[in-house]
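Dear colleague,

My notes on what was found in it follow directly after.

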Amino acid sequence: MDLTYTPAQQAFRAEARTWLTANVPREPLQSFDTEQGFAEHRAWENRLNDGRWGMVTWPIDLGGRGCDLIEWLIFEEEYYRSGAPARVNQNGIFLLGPTLMEYGSEEQKARFLPRMATGEDIWAQAWSEPGAGSDMAAIRSKAERVGDHYVINGQKTWSTRAVWADWVFGIFRTDPHSQRHQGLTFILLPLDSPGITVRPIPQLNGLPGFAEIFFDDVKVPVENALGGEGMGWHVAMSTAGFERGLLLRSPARFQETARRLVQLYQSNREQADRDPAIGESVMRAWLDAEAYTLSTYMTASKLVQGGKIGPESSTNKIFWSELDQSMHDTAMSILGLRGELLPEAPAAGDVGHWLEGFLFAQAGPIYAGTNEIQRNIIAERMLGMPRA
Amino acid sequence: MDFSFSRDQLLFQDNVRSFLINEVTPERIRELWLSDSGRSDQLWAQLVELGLTALTVPEAHDGMGMNELDFILLAQECGYAGLPEPLVETMLIGVPLLAALDESHAVLKQHWLTRVAEGHARLAIAEPGNPLVSDAHVADLLLLAHGDEVHAVEPGAVRLTRNVSVDPSRQLFQVDWTPTSATCVATGEQGRRLWAAAFNRGALGCAAQMLGLAKRMVDLAVDYTFERKQFGKPVGSFQAVKHLMANVAVQIEFAKGPLYRAAYALAEQQPGQEVLVSHAKLATSEAAMLAAKNTIQAHGAMGYTWEVDLHLFMKRAWALDKVWGDRGHHKGRIRAALFDGNPALGAGKTF
């Protein structure tokens, strides 16, 4: 154990900080769930890629820096410290990207990864269906093999970023006689394919952050299947693992929220301390954000040494999503009467962003596998309790 | 940057765990409850044979010179096993306290540290602010506080009054003694510093045991929910029972980082130890207290009995939650540092 950064790691941090300081937009971008904001965020992805900071863990020949996970954590710390924009292509770079590297053919990697890196292709995801949410194996959308094509029919829902994204990935039933986890295939397709209808769904903040996708005889070449026909569940589980695990929720984000929460508390102490529980919640937010960071460094150290992520990674998703919820609950309590005000309300002052965060935090325990499903996974696969 | 234990450290942990699981069984612990002292010279001799009593003793005194980080996983295993012997107290609190005395006490240090390393002495250490001293009755040397002063007192000079604990494995004593210049080994600023450091090591040792206890309670409950059937199924197949256990597993997972971070800070003599130790004690105590609450529930009425082994570990957790700083004390230290101390916060400030 050595909890100090090497000179090379310190130099890497300094290089990232210098670039971010010079390049992060002065003014916050519009939400990427608006048309203009989406375009602004796409341009930011392109700029990041020009600086080779878009995908630091990707291999050098794919536009990355070949960083290990410790360097990735350092980069993320600098990224969140700098107040840089959220990653509009997170479905692509954090979920599909690693899945492509693991399961994709050389041709598929060359075709999809560089355009993903530049932000030319922004990706949406298509897992859930009206009848397949927590029970994802109940998927019914079909991809029927006809010659060198699949013909897709069905409906997906809660497709994040689908309104303005270019491509979508998801799993479809390619074997019509199959049941449950069998007979599914992981397929990539352009969202402007004939036969696709995207119906935006407004989220709690009124913006269309996700959508329903209707497939009506949509033709997709068979070379767009990833990881082999019938292997869709297996491939999807590895993608979902990235989502629950390290890559999507780096601790830096929660540490910065905790830092801002301590500031908010300190500057509203008189109002806040009328309820002694608030000071305790603020303290706990800071401790838990630190604990999440420590746990991530432990996992990263293990992986760097060739270890594997185990079922204990399901504890991550519960911990960060409930931490995020609790931090924003606390912020709302501190803000009192101002808590309900939208950012544009004149009386909201500069605290309106807490409400945005509060609304988004409500989704954390639901997406990427509800926390109830995560608790089942922990009980059955980590603790070895009997299946239902 | 490498937040992992070495192969040697993990191997040692495995060895100690195997030994404790085989030798310190619930049956043996229950047998010890029936003995006068509640302690076993034979068991202590086995710990000596494993080399455990030499671990933290400096090499100059025939020990292995290991630090808090080397010892932390072993302390965790002592918790997992519910070991009644004062190994953690002697090795993690007492030995470093003796070793830190100044050279005017070289003879005393040499004598007692060598005796501990060779397995001929157990130590009892008074927790600052706690009127009771655990294992005072089997200690060959007691390290006691008189104000800021540290006193090294031999058993002949104390009178002990037993105080029975909810945990039959704990042996607590009120110690009546008279401080003299002959027993005094540190005073004033030095004494304050030694007690503050001893307190942090005590809290760290407790925290490690709490993590082990929490894991043990979950393991017992998981086994039980396989055996016990209702409605024609193992009760562990019901989601309500699964989620009781999963909630504890989450707390255990996220208590590890603070525990090992604190052990590292003590071993490397880094600044900010107080907050790190308090975080470790708080996180592990909360994990263990939730484990106690949820595992007795998973056991149903059986968990409320003397026969089922759960209470061996549950009662230890209830007791250790309050010693070497209860949650109020540790929260107070963290709050003071966070709200009055202007610490560096946010991403990139953890290490």
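Two residues are taken to be in contact if their C-beta atoms, placed from the backbone, lie within 7 Å. Please bear in mind throughout that this is a predicted model.

On that criterion, 47 residues of chain A are in contact with 39 residues of chain B. On the chain A side, at least two residues each come from helix H3 (69-81), helix H7 (251-267), helix H9 (276-304), helix H10 (314-335) and helix H12 (371-382). The most is given by H9(A), with 14 residues.

Chain A as a whole

Chain A contains 12 helices and 8 strands. Its radius of gyration is 21 Å, close to the 21 Å that the globule rule gives for 388 residues, so chain A is as compact as a globular protein of that length. Along the principal axes, the C-alpha atoms of chain A fill a box of roughly 70 × 50 × 45 Å. Of the 388 residues, 45% count as buried. Among contacts in chain A with a separation of 6 or more, 70% are accounted for by residues 24 or more positions apart.

An unreviewed UniProt entry places "domain: Acyl-CoA dehydrogenase/oxidase N-terminal" at residues 6-120 of chain A. In the model that span is 63% helix and 0% strand, and its end C-alpha atoms lie 36 Å apart. UniProt, again in an unreviewed entry, places "domain: Acyl-CoA oxidase/dehydrogenase middle" at residues 124-218 of chain A. Here the model gives 0% helix and 52% strand, with the end C-alpha atoms 17 Å apart.

Helix packing in chain A

Two packed helices are described by the angle between their axes and the distance between the axes. For H3(A) and H9(A), the angle is about 145 degrees and the axes are 8 Å apart. H3(A) contributes Leu69(A), Ile70(A) and Leu73(A) to this contact, while H9(A) contributes Thr296(A), Tyr297(A), Ala300(A), Leu303(A) and Val304(A). The residues of the contact divide into 7 nonpolar, 1 polar and no charged.

One backbone detail in chain A deserves a note. Arg52(A), in the loop between helix H2 (35-50) and H3 of chain A, has a positive phi near 60 degrees in a residue other than glycine. Arg52(A) has 15 C-beta neighbours inside 10 Å and therefore counts as partly exposed.

Chain B

In chain B, the unreviewed UniProt annotation "domain: Acyl-CoA dehydrogenase/oxidase C-terminal" covers residues 190-323. The chain is 78% helix and 3% strand over those residues, and the end C-alpha atoms are 23 Å apart.

H9(B) is mostly covered, with 21 of its 27 residues buried. The residue that follows H9(B) is Gly300(B), which has a positive phi near 60 degrees.

A further helix pair is formed by helix H4 (residues 68-81) and helix H8 (residues 239-267) of chain B, whose axes come within 8 Å and cross at roughly 145 degrees. Glu68(B), Leu69(B) and Ile72(B) of H4(B) meet Leu259(B), Tyr260(B), Ala263(B), Tyr264(B), Leu266(B) and Ala267(B) of H8(B). This contact is made up of 8 nonpolar, no polar and 1 charged residue.

Trp324(B) lies in the loop between helix H10 (310-320) and helix H11 (327-340) of chain B. Although Trp324(B) is not a glycine, its phi is positive, at about 50 degrees. With 26 C-beta neighbours inside 10 Å, Trp324(B) counts as buried, the cut-off being 20 or more. Arg30(B) is found in helix H2 (residues 26-33) of chain B and counts as partly exposed, with 15 C-beta neighbours inside 10 Å. Its C-alpha atom is separated by 8.7 Å from that of Leu312(B), although Arg30(B) and Leu312(B) are 282 residues apart along the chain.

With kind regards

Note on methods
Residues numbered from 1 in each chain as written. Chains lettered and ligands numbered in written order. Predicted model: local features only at pLDDT ≥ 70, side-chain atom pairs only at ≥ 80, totals over all residues. Helix = DSSP H or I, 4+ residues; strand = E, 2+ residues; numbered from the N terminus. Axes fitted to C-alpha atoms, helices over the stretch in contact; angles between N-to-C directions. Nonpolar A, V, L, I, M, F, W, Y, C, P; charged D, E, K, R; others polar. Rg over C-alpha atoms; globule rule 2.2 N^0.38 Å. Buried ≥ 20, exposed ≤ 12 C-beta atoms within 10 Å, placed from the backbone. UniProt positions renumbered as here; feature names shortened; annotations may be inferred.
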